[in-house]
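The following note sets out, in numbered points, remarks on the structure shown below. Please read each point alongside the coordinates.

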Amino acid sequence: MGPQMKMLAGPQMAFLRPTCLSSPFAAFQLSRCFSTSSPALDWLTPKFMERSKSPKGRPHVPTGGSSRGTTVVWGDYGLRMKDHDRRLPAASLKLAEETIKRRLRGMNYTLYKRVSANIGVYTKGNEQRMGKGKGKFDYWTAKVAVSRIVFELKGDLHEKIAREAFRLAGHKLPGLWEFVKKGDPPVVGITKLGNGVTLESLKRPRRSPALGTDNMATPPNSTSSSSSASP
């Protein structure tokens, strides 16, 4: 017996003794001393800490006409931010999730989360001098842009019940929220597409025509000041 095994031979160190080596059939080991299953991932806590401290910044709002993340994809109903982009703390998101689960207790449903809290917030104490970094880690947040879907519901639920669950969850979150259904038109910024509003019309320049040229069949071309005048 080696010196390492002699240290673990006493009854006081039995809890440190590997169980896979105590089997009489040591030559036919079919199990490992550690678990090979990956731990469950949490949408409110990243798997690894940040390599560098995240700046405060603002959520990225697409300005090129993108409507990604503004429609219901997996479920039948959704909860969408309405007023302004902001950072949602992980504690508020967890409280909203628990509120939805408490309202829908005993029902057959699936709750989808469209955001994840992966941005760290660092704070410093009161009456601290300027400089010396951002401070210590405080909590995790999720940067959510305006008109972004946060929760989705799918299952054997009536629309009124899903609307009530999302209403209660919206009271636990900062800002204004709205209830959307699958098939509702997407949103570009804060403008909803539909009812004659298209993405092409939003991209079209909104320059009004010159005065007196509304009723003309062929309005005159504008001339620049750099062009030479005809004799």
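1. The side chain of Thr 70 makes a polar contact with the backbone oxygen of Ser 67 at 2.7 Å. A polar contact here is a pair of N or O atoms within 3.5 Å; within protein, one must be able to donate a hydrogen and the other to accept it, and residues adjacent in sequence count only if both atoms are side-chain atoms. A polar atom of the Thr 70 side chain also lies 3.3 Å from the backbone nitrogen of Val 187.

2. The model is predicted, so local features need pLDDT of at least 70 and side-chain atom pairs count only at pLDDT 80 or more, whereas totals for chains, interfaces and linings use all residues. Residues are numbered from 1 along each chain as its sequence is written, and side-chain values use heavy atoms, with hydrogens and water left out.

3. Thr 70 belongs to the loop between H1 and E1; helices (H or I, at least four residues) and strands (E, at least two) are DSSP runs, numbered from the N terminus. Thr 70 is buried, because its relative accessibility is 5%, and buried means under 20% relative accessible area (1.4 Å probe, protein chains only). Leaving aside neighbours within four places in sequence, Thr 70 is in contact (heavy atoms within 4.5 Å) with Arg 80, Ser 147, Ile 149, Pro 186 and Val 187. Thr 70 and Val 146 are 76 residues apart in sequence, yet their C-alpha atoms are 8.8 Å apart.

4. Val 72 is found in the loop between helix H1 (3–7) and E1. Its relative accessible area of 8% is why Val 72 counts as buried. Not counting residues up to four places away in sequence, Val 72 touches Tyr 77, Gly 78, Glu 152, Val 180, Lys 181 and Lys 182.

5. Four strands make an open antiparallel sheet, ordered E3-E6-E1-E7; two strands pair if DSSP finds at least two bridges between them. Strand E3 (109–113) and strand E7 (177–181) are the edges, each pairing on one side only. From one strand to the next, the twist averages 20 degrees. Within this sheet, strand E1 (residues 77–81) and strand E6 (residues 149–155) are joined in the antiparallel sense by four bridges, and Gly 78 has Glu 152 of E6 as its bridge partner.

6. Helix H2 (residues 90–103) lies across E3 and E6, at about 20 degrees to E6. Axes are lines fitted to C-alpha atoms, for helices over the stretch in contact, and angles run from 0 to 180 degrees between N-to-C directions. Helix H3 (residues 159–171) packs on the sheet, touching E1, E6 and E7, and its direction makes about 30 degrees with that of E1.

7. Which residues of H2 are buried? They are Ala 90, Ser 92, Leu 93, Ala 96, Glu 97, Thr 99 and Ile 100. The buried residues of H2 pack against strand E2 (86–89), E3, strand E5 (136–144), E6 and H3.

8. Strand E4 (residues 119–123) is largely enclosed by the rest of the structure, because four of its five residues are buried. E4 pairs with E5 in the antiparallel sense over five bridges, with Tyr 122 opposite Phe 137 in E5.

Definitions and conventions. Buried means under 20% relative accessible area, exposed over 50%, partly exposed in between (1.4 Å probe, protein chains only).
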